[in-house]
Amino acid sequence: MINYFKKSLPHESNKTAEEKKALYKKLKWQVFISATLGYGLYYVCRLSLNVVKKPIVDSGLLTETELGIIGSALFFSYAIGKFINGFLADHSNIKRFMSMGLLVSSLANLIMGFTSSFLFFAICWGVNGWVQSMGAPSSVVSLSRWYKDKERGSFYGFWSTSHNIGEAITYIFTAVVASYFGWQWGFRAAAIVGVSGALMVAVFFHDTPESKGLPTVNKDFSEKKLSTWNEQKGVIKNPYVWLLALSSAFMYISRYAVNSWGPYYFEAAKGYTLTQANSLVAISAICGILGTASSGFVSDKFFKGRRNAPALIFGLMNVFGISLFLLGPKNAWWIDVTSMVIFGLAIGGLICYLGGLMAVDIASKKASGAALGIVGIMSYAAAGIQDIASGYLIENNKTIVAGETLYNFDMISVFWISAAILSVLLALFTWKKT
């Protein structure tokens with residue numbers, strides 16, 4: 001198994017310079033497209049539970065607290081996995097690494113569609129979290145191996161739209177399937193989508209340019225000053241990477257508050273149906289595509305590669321968007337849509353900046369996976385704590401009067417908005433480095 005996942009050895013090629021140039025152009029686009037679509041489909045297999053939370057609670061199968069614990073199982077195993085797999089990805093055959101992760105994630109979703117046990121739910125979702133953590137490091141390492149420094153920011157931003165593509169598919173396609181055929185089919189549909197994604201990655205994703213007989217693209221891989229392990233140690237000792245990780249952690253609380261509990265909130269607090277609530281959250285995912293796709297390009301072209309100012313702008317937008325989402329009046333559809341548009345644009349940009357690019361920028365390209373791993377473990381540990389805390393706060397601040405369930409979301413509002421504010425403040429400490 002270890003040998004199977006090892007980084008590919010360099011391959012000698014007799015192709016001419018022109019042939020190599022044409023092959024490189026073809027393969028790097030295959031890598032980018034398969035990384036973007038493939039990681040988007042990772043998200044379909046990660047978010048399927050969020051779509052069907054309310055139907056599961058309504059059926060009496062599980063409580064909000066139990067769903068929070070199940071959701072946190074994914075986040076905690078993902079956090080540890082992203083840290084470890086981030087380091088491993090720098091040494092791995094990323095084609096095999098990424099396709100295997102998505103295949104196992106699909107199988108976990110398939111099993112979830114045929115069980116109703118709380119314990120089995122938690123175990124399967126925890127396993128799903130671990131293999132989910134194999135996707136992002138593989139993708140980011142591929143960008144470091146296949147793309148030059150001057151274009152990395154733009155393509156990182158474009159790749160980051162994969163989050164939003166996956167969210168949009170989940171909150172529209174999976175929600176419709178679950179509405180018509182039952183919550184079990186929410187998981188089964190995600191599994192079918194995931195298997196198709198694993199096959200695509202296995203065919204079109206590639207490990208290294210050198211394994212295809214092409215020259216090294218990024219100079220960090222040709223320099224022999226420090227080994228990959230030593231470069232990774234340097235990342236661990238860098239305080240700015242940890243500050244960015246903390247900032248990302250609080251941003252992920254607000255991000256997954258909406259992703260995990262947004263549909264539930266829209267149904268419980270504002271009276272929307274399952275399809276309407278998920279469609280509103282899907283708006284944030286669709287708008288996030290614009291925010292994410294433009295983030296790297298904007299900072300590269302208009303801020304000379306600096307990410308600090310645009311990260312501050314997007315951070316303030318996040319605070320405003322989530323505040324409007326939580327504090328806006330009931331029966332004001334256009335306000336809810338506006339909140340999701342602003343929130344989606346903001347989170348789209350912040351996923352790119354705080355979620356990885358700013359840390360990757362200040363790290364050696366040999367240690368891109370390690371930098372992403374540090375940010376990832378902090379971010380998803382925070383997301384896991386959020387899921388438990390949110391489930392607990394929702395369940396313990398509701399009352400049943402004359403057979404009707406009444407919710408009080410005051411504590412949830414304080415929790416989610418405060419996290420967004422802290423994320424902005426922490427990012428300011430890295431201003432001079434980013």
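**Two residues and a helix crossing**

Author: Helix α11 and helix α15 pass each other in a right-handed crossing, meaning that the near helix is turned clockwise from the far one by less than a right angle. This is a predicted model, where local features need pLDDT of at least 70, side-chain atom pairs count only at pLDDT 80 or more, and totals for chains, interfaces and linings use all residues. Residues are numbered from 1 along each chain as its sequence is written, and side-chain values use heavy atoms, with hydrogens and water left out.

Reader: Why does Val193 count as buried?

Author: Buried means under 20% relative accessible area, exposed over 50%, and partly exposed in between (1.4 Å probe, protein chains only). Val193 has 15% relative accessibility, so the residue counts as buried. Val193 touches Leu41, Val44 and Phe173, leaving aside residues up to four places away in sequence; contact here means heavy atoms within 4.5 Å.

Reader: Which backbone oxygen does the side chain of Thr338 reach?

Author: That of Trp334, at 2.7 Å.

Conventions. Polar contact = N/O pair within 3.5 Å; in protein donor to acceptor, adjacent residues only side chain to side chain. Helix = DSSP H or I, 4+ residues; strand = E, 2+ residues; numbered from the N terminus.
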